Amino acid sequence: MQHHQKGISLIDALIAFGLLSVTLAGTFSVLNASLHEFRFLNRTAMAQQAAQEISVRINANIHPSNRSIYQISGTHIQERQHYCSLCTHEEIALNDINLFTSKLIKAFGKVEYLIKIEPQDILVIGFKWQEKFFSDASHIEGCPFQSLKPDEYCLSFKTALGPSS
């Protein structure tokens, strides 16, 4: 008399559960890495957009009287005391810097920024932020900051100012 058991044994269930666990762990690991990559690329895109916007504003609004205002570095929003309707060149520059730093700090949280005008009217814009998941992505070449920690990432942009500056 043969006795056939229907269903699965405990060992079969444990093996299936183990395979499922390994598969899910791998899937979640890939999803986690993809999420960090997406955040990194999003921050990089925001930095590029902010650099382009401030570059256009500087080219449109620079004047000998406000040139020094556009040369800044810091980690905080450059606050404005008041807003003007008929602005002087200096007030326009302060508004530009306020908009730039506000957008940057809101997008990144903690970021260090730098804007400087080099000889021959070369505009340099740099960003430095912590990127703990891409410690190998320091991107030092052309970085206007003196030093980078292993978990920091730097982006910099250089462009010539227009002939009206």
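Predicted model: local features only at pLDDT ≥ 70, side-chain atom pairs only at ≥ 80, totals over all residues.
## Overall fold

The protein chain contains two helices and four strands. Read from the N terminus, these elements follow the order α-β-α-β-β-β. The chain has 165 residues, and 32% of them count as buried.

## Salt bridges

The count of salt bridges comes to seven. One of them joins the side chains of Glu 112 and Lys 128, with an N to O distance of 3.3 Å. Glu 112 belongs to strand β2 and Lys 128 to strand β3, so this pair ties together parts that are 16 residues apart in sequence.

Glu 118 takes part in a salt bridge with Lys 116, at 4.0 Å from N to O. Glu 118 is partly exposed, at 24% relative accessible area, and Lys 116 is also partly exposed, at 30%. Glu 118 forms a salt bridge with Lys 158 as well, and here the closest N and O atoms are 3.8 Å apart. This second pair links distant parts of the chain, since Lys 158 is in strand β4 (residues 152-160) and Glu 118 is in strand β2, 40 residues apart. Lys 158 has a relative accessibility of 57% and so counts as exposed. Elsewhere, salt bridges with shared partners connect Glu 112, Lys 128 and Glu 152 into one network.

## The largest pocket

The volume of the largest pocket is about 200 Å³. Its lining is made by Thr 75, Lys 110, Val 111, Glu 112, Lys 128, Trp 129, Gln 130, Lys 149, Asp 151 and Glu 152. Sorted by class, six of the lining residues are charged, two are polar and two are nonpolar.

Which strand gives the largest share of the lining? Strand β3 (residues 122-130) does, with three residues. The members of the salt-bridge network, Glu 112, Lys 128 and Glu 152, are among the residues that line this pocket.

## The loop between β2 and β3

Gln 120 and Asp 121 both lie in the loop between β2 and β3. Gln 120 has a positive phi of about 65°, although it is not a glycine. Asp 121, which is not a glycine either, has a positive phi of about 55°.

Helix α1 covers residues 10-61, and Leu 20 is found in it. Together with Leu 24, Phe 28 and Leu 31, Leu 20 makes a nonpolar surface patch of about 400 Å². Leu 20 itself is partly exposed, at 48% relative accessibility.

Pro 64 is placed in the loop between α1 and β1 (72-74). With a relative accessible area of 68%, Pro 64 is exposed. Pro 64 and Glu 90 are 26 residues apart along the chain, and their C-alpha atoms are separated by 9.7 Å.

Definitions and conventions:
Residues numbered from 1 in each chain as written. Heavy atoms only, no water. Patch = residues over 30% accessible without salt bridge, like charges linked within 9 Å, V, L, I, M, F, W, Y side chains within 5 Å. Areas by Shrake-Rupley, 256 points an atom, 1.4 Å probe, with all protein chains shown as cover. Buried < 20%, exposed > 50% of the residue type's maximum accessible area, 1.4 Å probe, protein only. 1 Å grid on protein atoms, 1.4 Å probe; cavity = no way out; pocket = protein on both sides within 12 Å on 5 of 7 lines; lining within 4 Å. Points joined across faces, edges and corners; volume = space filled by probe spheres on them. Nonpolar A, V, L, I, M, F, W, Y, C, P; charged D, E, K, R; others polar.
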